[in-house]
Amino acid sequence: MSGTRRFVIALAAAALLSPAVVLASAGPAAGAADAVAAGGYAAVIKRTSYGVPHITAATLGSVAFGQAWAYAEDRFCDLADQVVKVRSERSRYFGPGEGDANLATDFAYASLGVVERAQAQVATLTADERDMVNGYVRGYNAFLASKGAAHVPGWCAGQPWVRPITAVDLLAYDRDIALLASGGALLFPIAAATPPSTAALAVSKQQVRDGVDQLTGQSKSLSSNGWALGADKSQTGKGMLIGNPHFPWEGELRFWESQLTVSGNVNVYGASLGGLPGVQIGFTDKVAWTHTIAAGARYTFYSVNLVPGQPTAYTVDGVPESMTGKSVTVKVKQADGSLQNVTRTMWSTRYGPVLDLSAIDPSLGWNEFSAITYRDANIDNDRLIRTWLSMARATDVSGLRTAIAQNQGIPWVNTIATDSSGNAFYTDSSPTPNLSPAAIAEWSGNPLNLLDGSNSANSWVVAPGARSPGLVPFARQPQLTRRDYVLNSNDSHWVPNANQFLTGFTPLQGPEGTPLTVRTRQNFKLVNSQAKFDLAGLGTTILSGDSYTASQVAAYAVTACQARGHTPVVVDGTAVDVSAGCAVLAAWDKLFELSSRGAVLWRETVGAVVAADPGALNEAGPLFGVPFNPADPTRTPRGAPASPDGLLAGLARGMQRMRAVGLALNVPMSQVQYTIKNGQKIPVPGSTENVGIANMAQYQPAPGSSLEPFMDPGTFVPGSDLTNKGYVVNYGTSFLLTLAYTSSGPSAKCILTFGESGDHTSPHYTDQTQLYSQKRLRDCSYSTTAINADTQSVEVIAATA
């Protein structure tokens, strides 16, 4: 610890508004001991290389206190912004927003009642949950008090909405996290819903469509790869794990890395979402787990028949019921800075809020005959903190399974886990509506899965063992333990292992017997590329530049275009000589490495093929010749297509796209694909979903709901994700964890690709991005010896109760 910076910060005063700050050379401050004696909070934060905080404390409340303090040092503004959002106060501070966007979210969150639900939840918290919530709130507020609103790090410094938070604020935001794959995507349809002949908000139709597309699988806003290897697939004979969530690099959904240690209670390392105490993806000395976005439904849409002449009354089994009206008043900042009250009545049925989906289809609006509503599987999910804390206390995958079963608080993800005994475990425990067979048949019978809500037979079926009435009990959800491996890359539960399928579950849990995505097929190819893995091999494999499409058909495309010579390919009325592109692909190493010349052209080629034929990746056609075989889903479709015409047309369009923005056809990927940090372009490895690569790198136009300014991707080429700036990356591999259990405990290498800090002035804003550009993983220090050997700074913080 030579040269280590050491700070001792004692925070007195119960309100933490005027904390005393003490600097010391060594030893805990007296204030820390006093705080503990008074029932307060005290924690030690050791930061190792790249700014990773390792927080130790005597109690759960104190370790959460330290976690929140450390998080606030790195990402204070992310949580502050989200609290304003769930308080329905964005219009108050930012005005109505473009297309009434702020008004829409304010009214929608009020309609969902996240604050009221959080207020009720406070009284039901377990002792451990209460300690963690109160400690986290106190730590975040203590940091704010120590800095002052004008001097917090990040984009929100000095803003009038930077204020202390409460336990209710934190729980309301945690409920918002739970709603990410349900109500959180329906905010604009909720806000737009208004009875016929009543003035509506000017809600963006595109926002409505985007939310529904996210829920129905037409677009994917989040994705991941997760592997758990058992003893039979591991060189150590013990468990191994790859956690590879593809999450935003900007906004509130950026992961943050830490270790939390309370002696005799919990010692967990990993990544978490800001504002959610604990660790959501990580490991202990006995068990490790990761998550991937699940493919099932966390909600059901309903259409209800209205009572003639009464637009806020509907029938169920012929019996009239009145909708519930909730009067909501939102303060809205005007151009002159004054505040104006805007009041609306938000309407709900027995199922949940009324929706306006007329942006999808005019018949799905609120008219004189019917209205659309929905029921949410996660609106009552108040067990996020409890579930992940229980998982961190498990000693093997059996105990982890028990933690999930008892709490059922995992909101919208699969769980992939391993343990030191060499067991690999998979489950999709996401809250799933429990419908009768007849209702399932109706649900499956239309593209929007719309149910007739005026027929009570379509209601959710109550079954024993479920967390909330109407959900599928955990015992009836997909789960599997093996000694070789399980994996998931956002397809359903159906194929967690190439040799074992999970069938017979409700389709609301996810489809069975349908094609796997090209990225999932690539993950199966990679996991089966070696008989057994070592730790280094995990990182090298998951970050491989190899892609399914290139390995299957790139050589065929080259042969076909070489045979064509200079005979042009006509696309969209234009004759294109593809020989130059053919030469580039012939010389290409068939990889998506930063040095690769031809990778950009192949990405655009495949993208053009898929744009012309959206099913090309999942069925025989312009890309593949061997059709999908449900008996061999991990390897089909595959192989060269029957005709090269579709590929050659894609190559021609790909060449046109690149030339439209002035790119040489053989430009190295490093010159085109990058992220921007402090004005510097940092090349980023990986590629897009369409090419079938495990390591994803893309641009998301809305990476979360933060009001923080995001990177400018440039002007997009029509039909492509290429712009006049190239491929600007703000989404993809985020927290990458590779772990192997050994005879001496867990050994892990990882990286937080966008860096630990969101503060542009911090060295930890860019350091790991530079590391990731070189595909270099770093050691994850878990043991006390490893932490002490790499400690760069120490803070001792304390606050009296």
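The model is predicted, so local features need pLDDT of at least 70 and side-chain atom pairs count only at pLDDT 80 or more, whereas totals for chains, interfaces and linings use all residues. Residues are numbered from 1 along each chain as its sequence is written, and side-chain values use heavy atoms, with hydrogens and water left out.

**Confidence**
- The chain has a mean pLDDT (the predictor's confidence in each residue, from 0 to 100) of 94, and 95% of its residues reach 70 or more.
- Over residues 12-31 pLDDT stays under 50, and for this stretch the model has 37 contacts (heavy atoms within 4.5 Å) beyond four places in sequence.

- Strand E11 (residues 310-316) is joined to strand E12 (residues 319-322) by four bridges in the antiparallel sense, and Thr315 stands opposite Pro320 of E12.
- Strand E10 (residues 299-307) also pairs with E11 in the antiparallel sense, over two bridges, with Gln310 of E11 as the bridge partner of Val307.
- The hairpin of E10 and E11 likewise has two residues between its strands, and Gly309 there takes a positive phi near 80°.

- Leaving aside residues up to four places away in sequence, Phe76 touches Tyr71, Tyr140, Phe143, Leu144, Val152, Pro153, Cys156 and Val162.

**Helix H11**
- Val397, Leu400, Ala403, Ile404 and Asn407 of helix H11 (residues 397-407) are buried, where buried means under 20% relative accessible area, exposed over 50% and partly exposed in between (1.4 Å probe, protein chains only).
- Viewed down the axis of H11, the buried residues fall within an arc of 110° (taken from the directions from the helix axis to the C-beta atoms), so they line one face of the helix.
- Among the elements covering these residues are strand E9 (287-293), helix H10 (384-392), strand E17 (413-419) and strand E18 (424-428).
- At the start of H11, a side-chain oxygen of Asp396 comes to within 3.2 Å of the backbone nitrogen of Ser398, while Gln408, which follows H11, has a positive phi near 50°.

**Lys590 and its loop**
- Lys590 sits in the loop between helix H16 (579-587) and helix H17 (599-612), and Lys590 is partly exposed, with a relative accessible area of 22%.
- The side chain of Lys590 reaches the backbone oxygen of Leu585 at 2.9 Å, and a polar atom of that side chain lies 3.0 Å from the backbone oxygen of Trp588.
- Lys590 and Gly545 are 45 residues apart in sequence but 8.5 Å apart in space, C-alpha to C-alpha.

**A three-stranded sheet**
- Strands in the order E25-E24-E27 make an open sheet with mixed pairing.
- Strand E25 (680-683) and strand E27 (727-728) stand at the edges with a single partner strand each, so one side of each has no neighbour in the sheet.
- Strand E24 (residues 673-677) runs antiparallel to E25, joined by four bridges, and Tyr674 stands opposite Pro683 in E25.

Methods
Two strands pair if DSSP finds at least two bridges between them. A polar contact is a pair of N or O atoms within 3.5 Å; within protein, one must be able to donate a hydrogen and the other to accept it, and residues adjacent in sequence count only if both atoms are side-chain atoms.
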